[in-house]
Amino acid sequence: MSQPCVVRVGPLMPFLEDALEREYAAPSLAEVGTQTAGLTVAVAGGGTIIGAAEMDALPGLRAVANFGVGYDNVDVEEATRRGIVVSNTPDVLTDAVADLTVVLVLDVLRQVSSADRFVRRGEWAAGGRFPLTREVRGTVVGILGLGRIGEAVAQRLEPFGARIAYHSRSPKQVPWAFHVSPVELARASDVLVVLTPGGADTHHLVDASVIDALGPDGFLVNVSRGSVVDETALVAALEEGRLAGAGLDVFADEPHVPTALLGRDDVVLLPHVGSATVQTREAMATLVLDNVAAFLATGRLVTPVS
Ligand code: NAP
């Protein structure tokens, strides 16, 4: 058999791993040892770092197919400098991530997870009354990063009666109110939903000033990347009653969640499951395979990152 040209980097879902082994006899990076020269395409698991060290280890590398729409795990600047192209998996996960974001917005307002714990602790049976919660209708939901997922979230929340506002780097052709900065958006919002990419450009975009602008009756929902929110400032605001609550799918140091959050009833904590449905993960894997096949056949990717 000819030498493999595709390499698996980091953990991949079995559906994708099986297909790569079947179609390309693709080894994992750990398996190839020093026989790396012929490996031209790397398939990277979501969150797997592909930086200069990984590129050095793969001198023949020409393309990286990343499993995920976010690609802050790949040093795209370094890849571009070396003539390596990078693809991601846009669109196919938009619905699943938007659905989960809406679940978090509803949960922080209606306190579903907290009410579930209240029942399980026996407090209802013991005669307790769960506190009144907040309604979606009339709530201003500010979307920080009105891209594919942000727009899908806005479209889902409008029929609930939410009022939508947003901030992105540039205004969009949409009927919703644009705010010039994250602080201005937070000031106008009851719930701030964060849906920007991660990476250096958005590091701590949601800092103490944004959290304070949201205020003691405000809620933060983060489904983007943990790096976008200053987690220390978030924990301090919750502990000091300067924020009403938070719904978090992503964290600064996954899979570690700040201990201070674990015992709080005013936060909903999810293990980075925005796109984690059977259908969406298979669609993402299929798009990764399409990118690999297209690159090997034509030298071009189907969904290159800009
Ligand atoms: P997208 O279409 O590229 O949208 C990103 C939006 O963020 C764009 O509107 C962009 O504004 C805005 N943005 C970028 N940098 C910004 C900045 N510095 N300040 C303000 N806005 C900024 O991407 P998408 O498909 O919606 O995905 C968004 C992100 O969601 C991904 O990058 C990923 O981090 C996250 N995600 C998380 C999960 C999960 O499981 N939790 C799953 C999928 C995706 P412009 O349009 O003005 O450039």
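The model is predicted, so local features need pLDDT of at least 70 and side-chain atom pairs pLDDT 80 or more, while totals for chains, interfaces and linings use all residues. Residues are numbered from 1 along each chain as its sequence is written, and side-chain values use heavy atoms, without hydrogens and water.

**Entry: H5 and H7.** I looked up helix H5 (residues 94-110) and helix H7 (residues 148-157); their axes come within 9 Å and cross at roughly 55°. H5 and H7 are therefore oblique to each other. Helices here are DSSP runs (H or I, at least four residues), numbered from the N terminus. Axes are lines fitted to C-alpha atoms over the stretch in contact, with angles from 0 to 180 degrees between N-to-C directions. For the contact (heavy atoms within 4.5 Å), I noted residues of H5 including Val 97, Ala 98 and Val 102, which meet residues of H7 including Arg 148, Ile 149 and Ala 152.

**Entry: H1 and H12.** The axes of H1 (residues 14-24) and H12 (residues 278-298) come within 9 Å and cross at roughly 25°. That makes H1 roughly parallel to H12.

**Entry: ligand.** I found 29 residues around the ligand (a heavy atom within 4 Å). Arg 148, Ile 149, Arg 169, Lys 172 and Asp 249 are the closest. For polar contacts I took pairs of N or O atoms within 3.5 Å. A polar side-chain atom of Lys 172 lies 2.5 Å from a ligand oxygen atom. A backbone N or O atom of Ser 170 is 3.1 Å from an oxygen atom of the ligand.

Notes
Helix = DSSP H or I, 4+ residues; strand = E, 2+ residues; numbered from the N terminus. Parallel < 35°, antiparallel > 145°, perpendicular 65-115°, else oblique. Polar contact = N/O pair within 3.5 Å; in protein donor to acceptor, adjacent residues only side chain to side chain.
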